[in-house]
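This briefing is for a reader meeting the structure for the first time. Please look at the sequence and the model before reading the points that follow.

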Amino acid sequence: MHRPDVFAAAAPLSAATENWDLEQYRNRVKESQPEVNESQIEQFFNRHSIEQILKSASEEELKKIKEIRWYISCGDDDFLYEGNSLMHILFRKNEIRHEYRVKDGGHTWSYWRMELPLVMEFVSRSFMQY
């Protein structure tokens, strides 16, 4: 999302979309890295939070993000399932077209191997001229 001018398509599989809540993120960072200051925590959160990226995007940046073809997939037993679901909801609220798939599986290579042929087909359609 930081470089929408570079990508025609994106296909996050089991995406690590954490950091939906600044307070939770702050607490987690302070536990593991007590030397990190409040300003650094907020800066990192705002730079990497999908919600914050979309909130702070200019009209032109948002337009470019919407031009990307998105394919989001996560297994229903994946520990990252909730964040992927929230990304789907946020994309819908922001009218970002995307394909969202939840299938049987976890955070495993067998799940991603099952998805790769579909991802390759999806991405390859992004390079066809109509």
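Predicted model: local features only at pLDDT ≥ 70, side-chain atom pairs only at ≥ 80, totals over all residues.

Helix 1 and helix 2 meet through Leu22, Tyr25, Arg26, Val29 and Lys30 on the helix 1 side and Glu38, Ile41, Glu42, Phe44 and Phe45 on the helix 2 side.

**Helix 1 and helix 2**

- Two packed helices are described by the angle between their axes and the distance between the axes.
- Helix 1 covers residues 22-32 and helix 2 covers residues 38-48; the angle between them is about 125°, and their axes are 10 Å apart.
- Angles from 65 to 115 degrees count as roughly perpendicular and those over 145 as roughly antiparallel, and helix 1 and helix 2 are therefore oblique to each other.
- The crossing of helix 1 past helix 2 is right-handed.

- Three strands form an open sheet in the order 1-2-3, and their pairing is parallel.
- Strand 1 (9-10) and strand 3 (98-103) are the edge strands, each pairing on one side only.
- Helix 6, residues 109-125, packs on this sheet and touches strand 1, strand 2 and strand 3. The direction of helix 6 makes about 170° with that of strand 2.
- Strand 1 and strand 2 run parallel and are joined by two bridges. Ala9 has Arg69 in strand 2 as its bridge partner.
- Strand 2, made up of residues 69-75, pairs with strand 3 in the parallel sense over six bridges.
- Strand 2 is mostly covered, with six of its seven residues buried.

**The nonpolar cores**

- In soluble globular proteins, nonpolar side chains tend to be buried together.
- The largest nonpolar core has 15 residues, and the members that touch the most others are Ile50, Leu54, Trp70, Met87, Phe91 and Ile96.
- Two or more residues of this core come from each of helix 3 (50-56), helix 4 (59-67), strand 2 and helix 5 (81-93).
- Helix 5 gives the most to this core, contributing three residues.
- Another core, of five residues, lies apart from the largest one; Tyr25, Val29, Val36 and Phe45 are among its members.

**Two loop residues with positive phi**

- Ser14 lies in the loop between strand 1 and helix 1. Its phi is near 55°, a positive value in a residue other than glycine.
- Glu95 lies in the loop between helix 5 and strand 3. The phi of Glu95 is near 55°, again a positive value in a residue other than glycine.
- Is Ser14 buried or exposed? The relative accessible area of Ser14 is 5%, under the 20% cut-off, so Ser14 is buried.
- Is Glu95 buried or exposed? The relative accessible area of Glu95 is 63%, over the 50% cut-off, so Glu95 is exposed.

Terms used. Residues numbered from 1 in each chain as written. Heavy atoms only, no water. Pairing = 2+ DSSP bridges. Helix = DSSP H or I, 4+ residues; strand = E, 2+ residues; numbered from the N terminus. Contact = heavy atoms within 4.5 Å. Axes fitted to C-alpha atoms, helices over the stretch in contact; angles between N-to-C directions. Core = buried A, V, L, I, M, F, W, Y, C linked by side-chain atoms within 4.5 Å. Buried < 20%, exposed > 50% of the residue type's maximum accessible area, 1.4 Å probe, protein only. Parallel < 35°, antiparallel > 145°, perpendicular 65-115°, else oblique. Left-handed = near helix turned anticlockwise from the far one by under 90°.
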